[in-house]
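Please read them next to the sequence and the coordinates.

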Amino acid sequence: MSESCKVNSERRGDVAILWTDGYINNQGGEEIAREAYAQLDGGARALVLNLEKTRIVNSIGISILIEVLEKVMDRKGALAFCGLTPTIDKTFRIMGLAQYAEIYPTQEEALRGVNPQPA
Amino acid sequence: MTAPAPTSPAARLDELWKRIGAALDCDGPLSSRVADAALVATGARDATLYLKERDAWVRAGDSLPGAAAPDEIPDPLPEGIFQREGNLWLPLAAEGEIHGLLRLHGLEEAGAPENASLLAFVLGSVVGTHRLARQVRDAEFELKARLLELESLYDLGLSLGGQLDLSALADEVLFRSISLTDAGKGSLVLFEESGAVLLERSVGGDVVSSREAAAWTLPEGGVINNAAATVPTAGKALAGCEKCLAVAISVPDRRLGVLAVADKESRDGRVLDFTATDARLLSLFANQAAGAIETARLHKDAIEKERIERELELAAGIQRQILPRDLPNVAGLEVAAKNRPTRQVGGDYFDFFPLSGGRLAFLVADVSGKGVPAALLVSTVHAAVHLQIDEAKTVADLIGRIDRHLQKFSATRKFLTCFFGLIEPDSGTLRYVSAGHNPALLRRGSGAVEQVKATGVPIGMFPNASWREETVVMEKGDLLCVYSDGITEALDTADEEFGLERLEKLMSAEAPGGVCETIFDAVSEFAGDAPQYDDQTLLLLRRT
């Protein structure tokens, strides 16, 4: 596994997708926060965090993700996760992240979740 | 149409507090709500909020919180509201503790507004309440983190219980160990029984050098090195780590590996000390891993054993086809032969070749090694003899041909001892070559036993070797006994060999079949429960 977490992002309409690759610890969390805030400041309404290349998250990383989630909620936006390993999925649910952010199996489902099409 | 502006001071004050309340009640982060309320209350152009985080002042803002610059906050802090460099500073206190500082810039009038003290009190209460709420939230987070540890232990037990893939098992243990101790990096090394490295994994960089980890002294409960990350025994510094925690992965009689994590992280970037709770958690993970690794190893061994047994059974089947099923019926001779392998397949081989003119050729061979490789060599020898026997001019020529065949086609550098005889029953002439084989025994009708000794080196041992062919005449009633060293070197429970002398004494006037059974019975009785490591083969031939 890579030594530091890398984060890439892409805007699709008013949704930004962030891909993480590596350990979400203090450094990884801050990379995510930096990218997320840049996207929010750039006008993104919702964030989708795709963690399919991440296999470890520690509590510092989780607390930063909570900060990002609070920031999104302050702005009346939405945040969704996808591509979680079963261990990270359970970690997020226990630590309360799933209380305010939806968890989806795939990126496509997450995109549909944060950006529902009008009926 | 707008509402008329309040005219009385009380009405204006009431209106002002409503607007402050509205600013505080709106959505958004605390920093902007407090700043907005302060701007409404004072008419300042700009407001900045600083919050106390672990004895350090942090500028609260809309982006990531950043530490205040060294000279940004007055030190020491004056008591109460103060002015400095055109800014008005309001300490925000609650319950006698200052939780925040509000800096107001661009006030319309010099000096503190008349409602500044009241504003500081109100905003201090807001910030204090916010801090309290955050402390509650942090405590809740800690509680959830402890719950996560318990759940992880439970999950790891379930997950490892059915995990027979060592690589996946190592990842699972290492990832959870790093994650739950908040370590920046971690390593896991597993060793073979021989001490060689079986597997190594690292995340974030190596904590343990696999070459050195085997020598680490790791007591029960592990070793915490918070003062400096050093090798527990030698005190040598671990490259790239500040603090480390290491535990042994062990079963009662053996260390299976080492699990180590380093550099416990904090939100503010400091490297924290590992705690006794971290060590206990890591030890629990290591214990669970040890059980699972041992199970996986035993499973792997069982599969390997099953595979070897299948191979041996297959090879034994091939060898059964190689050994003659029936004894030859040759006028003027009585023969008997028997082979008892010590494993499912062995390195002994005997054969008979009835030839023209009533002659009989026979051999007893003992190849080096045991098991499948030895059986393969036996198979090669069998093929070589059957291919060359009709071409060879003499017994010595045949042995030379077999030797060249083995030198050319045998994959491994192996050799065999062999007694090859060719007897003419009418005359009793026995031509033979003994290629490094044990001395055959020839019991004369008088009861005297002669040794028929080797006439050359083992086959396949030296290139360009040659063998001397000897002749001996067997009189009627004489009994020849050719055997492998598994007979004479059979061990009893005291590690004593059966020996040539005991064998000689069993050479009787009985029929060869009877002598053969007597010898095998005697060897079995002699050996008792002692395990035997070599195949046992007998070939007996009497001239009648």
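1. In this predicted model, chain B has an open, antiparallel sheet of five strands in the order S13-S22-S21-S18-S19. Strands here are DSSP runs of E with at least two residues, helices are runs of H or I with at least four, and both are numbered from the N terminus; two strands pair if DSSP finds at least two bridges between them. Strands S13 (333-340) and S19 (449-452) of chain B are the edges; each has a single partner strand, so one side of each is left without a neighbour in the sheet. On average, neighbouring strands of the sheet are turned by 15° against each other, direction ignored.

2. B:Ala337 has B:Leu539 of S22(B) opposite. Helix H11 (residues 512-527) of chain B lies across S13, S21 (479-483) and S22 of chain B, at about 150° to S22(B). Axes are lines fitted to C-alpha atoms, for helices over the stretch in contact, and angles run from 0 to 180 degrees between N-to-C directions.

3. H3(B) and H4(B) pack with their axes 11 Å apart at an angle of about 175°. The two helices are therefore roughly antiparallel (an angle over 145 degrees). Contact means C-beta atoms, placed from the backbone, within 7 Å. H3(B) contributes B:Glu149, B:Ser152, B:Leu156, B:Ser159 and B:Leu160, and H4(B) contributes B:Leu169, B:Glu172, B:Arg176 and B:Leu180. By class, this contact has four nonpolar, two polar and three charged residues.

4. The contact between the chains takes 20 residues from chain A and 23 from chain B. Helices H3 (116-161) and H4 (166-181) of chain B each supply at least two residues of the side that touches chain A. H3(B) gives the most to that side, with six residues. The side of chain B that touches chain A divides into nine nonpolar, eight polar and six charged residues. Ala, Val, Leu, Ile, Met, Phe, Trp, Tyr, Cys and Pro count as nonpolar, Asp, Glu, Lys and Arg as charged, and the others, Gly among them, as polar.

5. Chain B as a whole has 11 helices and 22 strands. Of its contacts between residues at least 6 apart in sequence, 62% join residues at least 24 apart.

6. Residues are numbered from 1 along each chain as its sequence is written, with chains lettered from A and ligands numbered from 1 in the order in which they are written. Local features need pLDDT of at least 70 and side-chain atom pairs count only at pLDDT 80 or more, while totals for chains, interfaces and linings use all residues.

Definitions and conventions:
Two residues are in contact if their C-beta atoms, placed from the backbone, lie within 7 Å. Angles under 35 degrees count as roughly parallel, over 145 as roughly antiparallel, 65 to 115 as roughly perpendicular and the rest as oblique.
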